[in-house]
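Work through the exercises below with the sequence and the coordinates at hand. Each task is followed by a stepwise solution.

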Amino acid sequence: MTIVVFLGSLLGAMAMRIPVAFALLVAGVALMIQLDTFDAQILAQNLVSGADSFPLLAIPFFMLAGELMNAGGLSRRIVALPMALVGHKRGGLGFVAIIAAMVMASLSGSAVADTAAVAAMLMPMMRKAGYDPNRSAGLIAAGGIIAPVIPPSIPLVVFGVAGGVSITKLFMAGIVPGLMMGLALWMTWWWLARNSDLPCGEKAPLSEVWKAFLDGIWALLLPVLIIGGLKMGIFTPTEAAAVAAVYALFISLFVYRELKVRDLFKVFLDAGRTSAVVMFLVAAALVSSWLMTIAELPMLVSGLLEPLIDRPQLLLVVIMVIVLLVGTTMDLMPIVLILTPVFMPVIKMAGIDPVYFGILFILNTSIGLITPPIGNVLSVMSGVGKVPLDGVMRGVTPFLFAHLCVLALLIIFPELVMTPMRWFLP
């Protein structure tokens, strides 16, 4: 009955087009009424305490860093270097899009922001060069979802807070899977482009490559700074986010000088608005998580999955299928906030490492961003790239399959996640 009340109220509120954060509060109130413990004061207290978390400070700082990089010219310079390196190859702009997506992922951690930035820069160039708009849009969208997996990742921060898992370990564990996603896209694009009539450009002279490298070196140093600082134990993920924001501000103002002081208010305001939406969603979801725990909903799910606890790999497959299906109808962040406290007790009972599960979980929910019918990244790609939504859906299909292959490999071979994580940790 508890599960029916929670899901019924949540889905009913969402069907009425109530924003997800408020729908979660509606579900929380419904649970309190069902448990005969409704108290508005307790609801408000848990809402405030849900956002009162030091690790969650990483979210507004990474959001600010992303806004500063876009406004300060860092994002544009990230595209210039791969353009000089591989832009001349057959289908070279596709390879540029993949490299740019991976580098951007290591800077902002937001799939939507990265997709929009890369699409705005590359889609006009790909159209002009005669690339198929649908397939190009599908590639850029598939590249954008690497951002939630490669650190610094906002969804990994939220998963770490919701599941009580080390964010530093999650960041370190996400590096190799994120690179694997990029490699899978590279191989898929190469396979599709090898016999096509896509144009080949002129190879850039070494002097041009060197100039692009020098021009972009300050932007490329940011992921090195973040990962290096975490590996050496210099700062925590939250402190890394603050360092990233200050670094992006300094480079934008005093090195590239494309960001003016008069523009700072708008940049900070945009970052504040985006952060407020995410933080309120997190706070509302943690209220529901607390009530689900009180209602023993995770234990009910554990009971349903108990026959699989002695077979961890099969349990993982079942959970991943469930998450994949949910991902077709719900955005990434609500899935993480709702399902993390539900599945974590089962994962621990089965002896599965929570960090390993977290990477699979976030990768899977990221795939949901390019899975019809909801797929937010598909909608962003359609709007920014000026490509019909059904065209983006067709174009993304081979790249969606590539990401699913990566997910399957990580389920079959857990050491692909765990061994590199141990090496990267301080």
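Helices here are DSSP runs (H or I) of at least four residues, numbered from the N terminus. The model is a predicted one.

**Exercise 1.** Determine which helix holds His-403, whether His-403 is buried or exposed, and which residues His-403 touches.

Solution.
1. The helix is H19, which spans residues 389–412.
2. Buried means under 20% relative accessible area. His-403 has 0% relative accessibility, so His-403 counts as buried.
3. Leaving out residues up to four places away in sequence, the contacts of His-403 are Ala-142, Ile-145, Met-181, Leu-185, Leu-363, Ile-367 and Ile-370.

**Exercise 2.** Describe how helix H11 and helix H12 cross, and classify the residues in their contact.

Solution.
1. H11 covers residues 206–231 and H12 residues 237–255; their axes come within 10 Å and cross at roughly 160 degrees.
2. Angles over 145 degrees count as roughly antiparallel, so H11 is roughly antiparallel to H12.
3. The handedness of this H11 and H12 crossing is right-handed.
4. On the H11 side the contact includes Trp-218, Leu-222 and Ile-226, and on the H12 side it includes Ala-240, Tyr-247 and Ile-251.
5. By class, the contact of H11 with H12 has 13 nonpolar residues, no polar and no charged ones.

**Exercise 3.** Find how many residues the largest nonpolar core has, and which have the most contacts inside it.

Solution.
1. The largest nonpolar core has 149 residues.
2. Those with the most contacts inside this core are Ile-59, Ile-140, Phe-159, Trp-189, Ile-319, Phe-357 and Ile-370.
3. Ile-319 touches Leu-305, Phe-343, Ile-347 and Phe-357, not counting residues up to four places away in sequence.
4. A second, separate core has 5 residues, among them Leu-81, Ala-84, Ala-204 and Val-209.

Terms used. Residues are numbered from 1 along each chain as its sequence is written. This is a predicted model: local features need pLDDT of at least 70, side-chain atom pairs count only at pLDDT 80 or more; totals for chains, interfaces and linings use all residues. Side-chain values use heavy atoms; hydrogens and water are left out. Axes are lines fitted to C-alpha atoms, for helices over the stretch in contact, and angles run from 0 to 180 degrees between N-to-C directions. Helices (H or I, at least four residues) and strands (E, at least two) are DSSP runs, numbered from the N terminus. Angles under 35 degrees count as roughly parallel, over 145 as roughly antiparallel, 65 to 115 as roughly perpendicular and the rest as oblique. A crossing is left-handed if the near helix is turned anticlockwise from the far one by less than a right angle, and right-handed if clockwise. Contact means heavy atoms within 4.5 Å. Ala, Val, Leu, Ile, Met, Phe, Trp, Tyr, Cys and Pro count as nonpolar, Asp, Glu, Lys and Arg as charged, and the others, Gly among them, as polar. Buried means under 20% relative accessible area, exposed over 50%, partly exposed in between (1.4 Å probe, protein chains only). A nonpolar core is a set of buried Ala, Val, Leu, Ile, Met, Phe, Trp, Tyr and Cys residues joined through side-chain atoms within 4.5 Å.
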